[in-house]
Amino acid sequence: MLACTKIQPVINLKIVKLLVEKGAYINMPNKDGWTCVHILAREGGVDILHYLINQGLNVCPKTKNGRTALHIAALHGNIEILDMVLEHLDINSKDSCGNTALHEGLLGQHVHVAKHLVSRGASTDCRNNSDFSVLHLAASQNNCEVMDYVLRELSFEINCQNSNGWSALHCAARKRNEKVFCYLKNMGADLALKDRFGRTALDYFTEVKA
């Protein structure tokens, strides 16, 4: 799998071809369930992936934590790889944490990936196992561009809460994301909104700062 990296891709494609010609098993997983397709989703390498698919590479396996190449490509911003594997995978498939590729793209702070996934039919309503929507996950990243995209283009209600009663403002406060916290406050987020524990976002923000 070391040959499947974006370092010196032309040389690595030659190495991959040589290994395949010598009988290398291209679908062999490592101890974490990663195969060549997961490595390529992380590192890039469109030519290598195209070659290996023609040689019988399975693009659908999941890692031990349930992640497909689609999740990994989204997290690392590799749109070309994402499109190649999307032909074989459900765009809304979830990993063991309940995250979809859209969740992963936002966790990687790749707005261009999120836009691309939505244009390809990704659901914006999916929540993960922690009942976090894409709005909550965006607030967990200290990136106002990501937050602005979710609020303005995906039209989320700024004060929507998860099963713990956490709003985006609560999530930003718990992570001490000052830029996003101030952005949400300026956008009209409710500072008095309480979660199911009776706590406001300011309660969390003050606690973390202390």
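Reader: Start with contacts between residues at least 6 apart in sequence: what share of them join residues at least 24 apart?

Author: A contact means heavy atoms within 4.5 Å. In this chain, among contacts between residues at least 6 apart in sequence, 68% join residues at least 24 apart. One caution: this is a predicted model, where local features need pLDDT of at least 70, side-chain atom pairs count only at pLDDT 80 or more, and totals for chains, interfaces and linings use all residues. Residues are numbered from 1 along each chain as its sequence is written, and side-chain values use heavy atoms, with hydrogens and water left out.

Reader: How many helices and strands does the chain have?

Author: Helices (H or I, at least four residues) and strands (E, at least two) are DSSP runs, numbered from the N terminus. Here the count is 12 helices and 0 strands. The C-alpha atoms fill a box of roughly 65 × 30 × 30 Å along the principal axes.

Reader: What percentage of the residues is buried?

Author: Buried means under 20% relative accessible area, exposed over 50%, and partly exposed in between (1.4 Å probe, protein chains only). Of the 210 residues in the chain, 53% are buried. For area, the Shrake-Rupley method is used with a 1.4 Å probe; for residues, only the protein chains shown count as cover. The chain exposes about 10200 Å², and carbon and sulfur atoms supply 50% of that.

Reader: Take helix H7. Which of its residues are buried?

Author: H7 runs over residues 111–119, and Val 111, Val 113, Ala 114 and Leu 117 are buried in it. Down the axis of H7, these buried residues fall within an arc of 160 degrees, so they line one face of the helix. The arc is that of the directions from the helix axis to the C-beta atoms.

Reader: What covers the buried residues of H7?

Author: The cover includes helix H4 (69–75), helix H5 (79–86), helix H6 (101–107) and helix H9 (144–153). Just after H7, Gly 121 takes a positive phi of about 105 degrees.

Reader: And in H5, which residues are buried?

Author: Ile 81, Leu 82, Met 84, Val 85 and Leu 86 are buried in H5. Their cover includes helix H2 (36–43), helix H3 (46–54), H4 and H7.

Reader: Now charges. How many salt bridges does a search of the whole structure find?

Author: A salt bridge is a side-chain nitrogen of Lys or Arg within 4 Å of a carboxyl oxygen of Asp or Glu. The search finds 8. One of them joins Arg 67 and Glu 104, with the closest N and O atoms 3.1 Å apart. This pair links distant parts of the chain: Arg 67 sits in the loop between H3 and H4, Glu 104 in helix H6, 37 residues apart.

Reader: Are Arg 67 and Glu 104 buried or exposed?

Author: Arg 67 is buried, at 14% relative accessible area. Glu 104 is buried too, at 4%. Elsewhere, Glu 207 and Arg 199 meet in a salt bridge at 3.1 Å, N to O. There, Glu 207 is partly exposed at 46% relative accessibility, and Arg 199 is partly exposed at 25%.

Reader: How many disulfides does the structure hold?

Author: A disulfide is a pair of cysteine sulfur atoms within 2.5 Å. The structure holds 0. For Cys 97, the nearest cysteine sulfur, that of Cys 126, is 15 Å away. For Cys 171, the nearest is that of Cys 160, 9.2 Å away. Cys 171 is buried, at 3% relative accessibility, while Cys 97 is partly exposed, at 46%.

Reader: Last, a loop residue. Where does Lys 175 lie?

Author: Lys 175 lies in the loop between helix H10 (168–174) and helix H11 (178–186). Lys 175 is exposed, with a relative accessible area of 53%. Lys 175 and Gln 141 are 34 residues apart in sequence and 8.1 Å apart in space, C-alpha to C-alpha.
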